[in-house]
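Biologist: I am new to reading models. Could you take me through this one, feature by feature?

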Amino acid sequence: MSEFAIRIEGLENRFGDHAVHQDLNLDVRRGEIIGVVGGSGTGKSVLMRSIIGLQTPSHGRIEVLGHEIGTPRGEGEADIRSRWGVLFQGGALFSTLTVAENVEVPLKEFYPDMDPELRHEIARYKVSLTGLPDSAAAKYPSELSGGMRKRAGLARALALDPELLFLDEPTAGLDPIGAAAFDNLTRELHETLGLTVFLITHDLDTLHEICDRVAVLADKRVIAVGTIPELMASDHPWIHEYFGGPRGRSALMSREGEAAKEHGLDSPNPAKA
Amino acid sequence: MAPDCEFLLATDADGRSTLALSGVLTIASVGPLDHALRREKPQFSHLDITGLGEVDTAGAWLVWRLARDAGAQVTGASEKAERLISAVKCCSGDAPIAPPRAPPLVRFVETVGLVMIGLWRGSGSILAFLGALVSALGMVIRHPSRIRWTALVRQTELVGVDALAIVGLMSFLVGVVIAQQGAVQLQQFGAEIYTVNLTGRISLRELGVLMTAIMVAGRSGSAFAAQIGTMKLTEEIDAMRTIGVSPMEALVLPRVMAAVLMMPLLGLYSALIAILGGATISAFTLGIPFFNFLARIQEVVPLIDLWVGLIKGPVFGLIVAMTGCYQGMQVKGSSEEVGLRTTQAVVQAIFAVIVIDAFFAVFFSEVGWM
């Protein structure tokens, strides 16, 4: 098994005359949580759509879990789509099905011979694994709040016990408490299930909290990949402004405050901790 | 082929029965194992999973459930298996996965009841909508400067001018069919000259305006419902209200006025084109020259038929536009609702138009406008 879960080489995406990506390279290691950041319109979602095969790139090569996207499945190879889970921005739950039935859709698709009783059981524990109450299983998406819908979407993404999880702005539109809870959940699942997580986000707190590495998308390619301290040392103006701006600083400060508390030290600035 | 998981039931000297699992226990292999175990229903007091290679949460769940149901002890769990089992056992696991459904008979009665309540409330709210429309109309009559001329002209174009081609084509063909079919029947009595009366009177009195109303319901009524419904979903209507713009005045009134103004014109246009269609087919198949047909129309069609058509036009326009706008304003919740309401707008508008047309037919006969 290769060391990398995702390898992207020389990716180019064009819409008419407009190139979104040009010569984009990115390697995602197995078992890490990688955050992808970039200004609006830099093609973060297009990048994710290219990786999961919803968007055919104009040029370049994408390899996910050892399988090259866009090529037919090899002999004896499991369908690559059963080895990843995707959480779309709005949850993208099927509105005519209940939460549990949503989770069962991929199970039915890939393992049609499974006993219905076992399928229901799996759906139920996936729902509670994502922190939803048991009663949520029988609810329709329209009866759930935004945060619960994201959790339900996550339960569906985890239905097949994927090795790789794609999250598109998982904390967007959640209140800070809900967002922090979702971050914890992602972290816990990552640790328990040994997932590789590809996370698109604008949330600086999420980046500081849970990401092992961060990839920065700008100028049509990935301009830097690294831990946040490594990125902050960079002198690229956009990166500098992103992490060094007022929001970036306060996210960093709250992180440092927490770290200090964990070590039994006084917070450097109690007012802001 | 999916990797397999095998099980072995053994009883040792102390009479202790152990179910040993070996192989790969993941989502791909839990199905067959579960099937086999459900068939055999083994009794055991210990569950040995030392032989398991790869395990995921589905496998961990199955192990835990087997142990729970048999009251058995799990032995030989690897560190990862233990972690996964403790992660999945938190859920009790008998919550229903779909909301409970009542028996069919109860559901039937319930649905009928809900439809009746919906009809009752719906007629109330459509009356309220009509009232709001009238009051908005009163407002713009008292303050003519508040009429949205741009919107009105735009809607007039969409409802009227843009429909000319399709309404024309439809009417021409309807005229052809009436004249041709009518002629076939009338020929049996040697009365094919009455084809002119038939085509002229039925087009002006009934079919021109009725077919046009159906076409406008499909073209514009549906568009009104979908546009206003989408604006409702994206909170544009709420934004208007908070700014102090009345959606009644800004959205509904221009559409209704455009439809009321355009329907009689489109109906008349439709009737005229239908007569042209009838004249054309008569020239080819009945040997009535084209211009003779038109001249004869003037003699045999009373002016009253024109008025009947023109009176019905605005009423049909009002019904179609109001149903469209009303259904659009009722949209709430999800985008699914927009499609539902749009369908309802078209169906209800066509239904209402045909019912009102029947009333008109009886009414005009009774008052002697034959």
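Biologist: What radius of gyration does chain B have, and what would a compact globule of 370 residues have?

Modeller: The radius of gyration is taken over C-alpha atoms, and the globule rule is 2.2 Å times the number of residues to the power 0.38. A compact globule of 370 residues would come out near 21 Å, but chain B has 36 Å. Its C-alpha trace spans about 115 × 60 × 40 Å along the principal axes. One caution: this is a predicted model, where local features need pLDDT of at least 70, side-chain atom pairs count only at pLDDT 80 or more, and totals for chains, interfaces and linings use all residues. Residues are numbered from 1 along each chain as its sequence is written, chains are lettered from A and ligands numbered from 1 in the order in which they are written, and side-chain values use heavy atoms, with hydrogens and water left out.

Biologist: Which residues of helix α8 in chain A are buried?

Modeller: Helix α8(A) covers residues 237–244, and I239(A), Y242(A) and F243(A) are buried there. Down the axis of α8(A), the buried residues fall within an arc of 80 degrees, so they line one face of the helix. That arc is the one of the directions from the helix axis to the C-beta atoms. The face turned away from the buried side carries the exposed P237(A) and E241(A).

Biologist: And which residues are buried in α3 of chain B?

Modeller: Helix α3(B), residues 79–88, buries A81(B), L84(B), I85(B), A87(B) and V88(B). Seen down the axis of α3(B), they fall within an arc of 160 degrees, so they line one face of the helix.

Biologist: What do the buried residues of α3(B) pack against?

Modeller: Read packing through contacts (heavy atoms within 4.5 Å). From chain A, the partners are α3 (116–129) and α5 (176–193). From chain B, they are β3 (46–55) and α2 (57–70).

Biologist: How should I read a phi angle?

Modeller: Most residues other than glycine have a negative phi. D161(A) has a positive value, near 50 degrees. D161(A) sits in the loop between α4 (146–157) and β7 (164–168) of chain A.

Biologist: Is D161(A) buried or exposed?

Modeller: D161(A) is buried, at a relative accessible area of 16%.

Biologist: Where does E235(B) lie?

Modeller: E235(B) lies in the loop between α7 (195–233) and α8 (236–243) of chain B. Its phi is positive, near 65 degrees. E235(B) counts as exposed, at 53% relative accessibility.

Terms used. Buried < 20%, exposed > 50% of the residue type's maximum accessible area, 1.4 Å probe, protein only. Helix = DSSP H or I, 4+ residues; strand = E, 2+ residues; numbered from the N terminus.
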